[in-house]
Amino acid sequence: MLEKGLLDKGSIEGQVADDLMKKALKTKELWINMGPQHPSTHGVLRLILALEGERIVDSEVVIGYLHRGMEKLAESLTYPQFLPYTDRLDYISSNAMNFGYVLAMEKLMGLEVPERAQYIRVMMAELTRISSHLVWLATHALDIGAMTVFLYCFRDREAILDLFEMVCGARLITSYFRIGGVANDLPEGFIEQARDFCKIFPKKAKDYDDLILKNRMWLSRTVNVANISGEEGLNLGLSGPSIRGSGVYWDIRKDEPYSGYDKLDWEIAVEPGCDVYARYLVRLKEMRESCKIVKQCLDILEKMEGPVMAKVPKVIKPPEGEVYACVEAPKGELGFYIVSDGSTKPYRLKIRAPSFANLISLPTMIKGHLVADVIAAIGSIDIVLGEVDR
Amino acid sequence: MVQELALVIIKMIVVFSLALLVVAYLTYLERKIIGHMQLRLGPMRVGPHGLLQPIADGLKLFVKEDIVPLEANKWTFYFAPILTLVMSLVLLAVIPFSRNFMVTRLNIGVLYILSLASVGPMGILLAGWASGSKYPILGGLRSAAQMFSYEIFLGFSIIGVLMISGSLDLVKIVEAQSKMWNIVYQPVAFVIYVIAALGELNRIPFDLPEAENELVAGFHTEYSGFKFAYFFLAEYANMIIVSCMAVILFLGGWKGPVLPGIIWFLIKMCAFFYYFIWVRGTFPRYRYDQFMRIGWKIMLPVVLANIVVTGVVMMLA
């Protein structure tokens, strides 16, 4: 197998595999190809692992199987036309993706967003965070073998998707945000239903805790596995819950507050453990904090009247210039860097996708661990391939 | 003579066909129970409440294309699943389902089961090697280490029972429990047996040889169609054997009030199935090295101590 080559030689990944193989021929490691069709690489991630027995001595992440050329596509689309594409970045938290893009656009155009729209956005973004973390918990637990958690989480995510459906008709790929506001106001009955969800959710969250939080098997699979120190993580560009699991007190919602996060009462979830378990705890706490934020937003929105769209010209033509804006997406720092030449289409658009940046620290995390730990590590940095490959 | 032979053959046919049917419906039961544990319905489409699902599944596997990978060692590849299935089915021959209902009574029944059961993992090991692919090799290696070592604990946990009943004959072991079930005298051995059984059966939390999230499907990654069905059937047949052994060794076999013996036997056996399914619905999976550590560093000393204590108590009593 080794001599024949895992890949065709011409491509970049072929060269990568080639280099790795040259190293391999001197030793007696077993090279195994994990993915892109593997049950727990979360989509089309591919890892080339060098194993000594079951211990990993080297690894290489190969990406690009879901590459759609989004950044290039943006150059041939008008600004509003690109918005639905952002949904397809991290498709399980599309609202947060919209959020990053519209914030960048508003910063570029100097738009003032109505307060009501801002709170709706925050609420939707936090609901999205909960649903994204639920999917993460579900798949992470499934990867480690706890099958029941998976179905519990998906049941509860359903309630959030119903809320999304009420607001904009779509459940997954919502495209609800607009440059300058949101597409439409909250429908009747939304606030009550959202309240119900916030009331039930903490109880449901306790169910998941009962199943795995103190489970000895869960602990032995996650504690002291795939460690990464805060400093190392920062150097590798790790962000979001993954870096907060290494004790780094950094959350864009607090550090560079946007859209009124500074007016709400909530805490950053930080754990000093540096391991898979710490990242797990961080996300669990984040779900509860998000629930708190949603509740506050609901209270504010109930009393508040007003428009949900700013006055935006029919044809969006931002002034010449460049801008970078970032939000705390469920996976980490999501940034949009937009260069405008004054026309209706962006001159260049670069997306700083959190999953992509987080994935880089995977080889550091798994070195010296066992094959089973790779699965735990992938789960713990919570990647979505739509965002990695773009 | 001819009559006796005919009787044995009829018994064999009844036991094995029943066993295969039970095995098929065991998969149904598992899917149904675990479905309800997980807020879903399980199979519902084929037949009322999905009752014909196992048959549909069997048919599907039967008509599937028989794929042999290019790199595979063809004959070993074919031989491995047959070996595994045969080795688990022949064990049924000595299981006494009631005082009179068994294929054959062997005075070394326990020994027969332990020794033939340890041939089964050879099939898995061979399957891993013969597939000529990397994930099956890893799965095969894991299972070799896992099943061979857990057989040791399984064997040791039985020794206490054998000391008490003073026989290797399964019928005599049950008869020795007329007054009190062995589980009362041997609770530690029972716990060890139950844990080791999970390891022996490759089930969660010890389903490492086929940990689907790590090794795709482990040793049977390359298997499809009826060859895969062989492994599948063998796995569930092993579940029956392990449950039967637990019932016979610890829970008084067919003994029980009012109802006929065979019914009692089946009730106790089903309780065990349920336990296996329940565990699967609840626990995550251990890591390979942790699993071996539990075996050699915790279970082995405990089970050895259990034998010593049993011996000392028997000497004093």
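Helix 12 (residues 276-303) and helix 15 (residues 371-381) of chain A have axes that come within 9 Å and cross at roughly 30°, and the two helices are therefore roughly parallel to each other; angles under 35 degrees count as roughly parallel, over 145 as roughly antiparallel, 65 to 115 as roughly perpendicular and the rest as oblique. Here axes are lines fitted to C-alpha atoms, for helices over the stretch in contact, with angles running from 0 to 180 degrees between N-to-C directions, while helices (H or I, at least four residues) and strands (E, at least two) are DSSP runs numbered from the N terminus. The contact is made by A:Val276, A:Arg279 and A:Tyr280 of helix 12 together with A:Ala376, A:Ala377 and A:Ser380 of helix 15, two residues being in contact if their C-beta atoms, placed from the backbone, lie within 7 Å. By class, this contact of helix 12 with helix 15 of chain A has four nonpolar, one polar and one charged residues, where Ala, Val, Leu, Ile, Met, Phe, Trp, Tyr, Cys and Pro count as nonpolar, Asp, Glu, Lys and Arg as charged, and the others, Gly among them, as polar.

The model is predicted, and local features need pLDDT of at least 70, side-chain atom pairs count only at pLDDT 80 or more, and totals for chains, interfaces and linings use all residues. Residues are numbered from 1 along each chain as its sequence is written, and chains are lettered from A and ligands numbered from 1 in the order in which they are written.

Three strands of chain A form an open sheet in the order 1-2-3 with antiparallel pairing, two strands being paired if DSSP finds at least two bridges between them. Strand 1 (30-34) and strand 3 (55-62) of chain A are the edge strands, each pairing on one side only, and the twist averages 20° from one strand to the next. Strand 1 is joined to strand 2 (residues 46-52) of chain A by five bridges, and A:Leu30 has A:Leu51 in strand 2 as its bridge partner. Elsewhere in chain A, strand 6 (residues 321-329) and strand 7 (residues 332-340) pair in the antiparallel sense over nine bridges and form a hairpin with two residues between them; the bridge partner of A:Val327 in strand 7 is A:Leu334.

Positive phi values occur at A:Ser175, near 45°, and at B:His49, about 55°, neither residue being a glycine. A:Ser175 is found in the loop between helix 6 (147-168) and strand 4 (177-178) of chain A and is partly exposed, with 19 other C-beta atoms within 10 Å. B:His49 lies in the loop between helix 1 (2-37) and helix 2 (53-63) of chain B and is likewise partly exposed, with 14 other C-beta atoms within 10 Å; a residue is buried if 20 or more other C-beta atoms, placed from the backbone, lie within 10 Å of its own, exposed if 12 or fewer, and partly exposed in between.

Between the chains, 21 residues of chain B are in contact with 26 residues of chain A.
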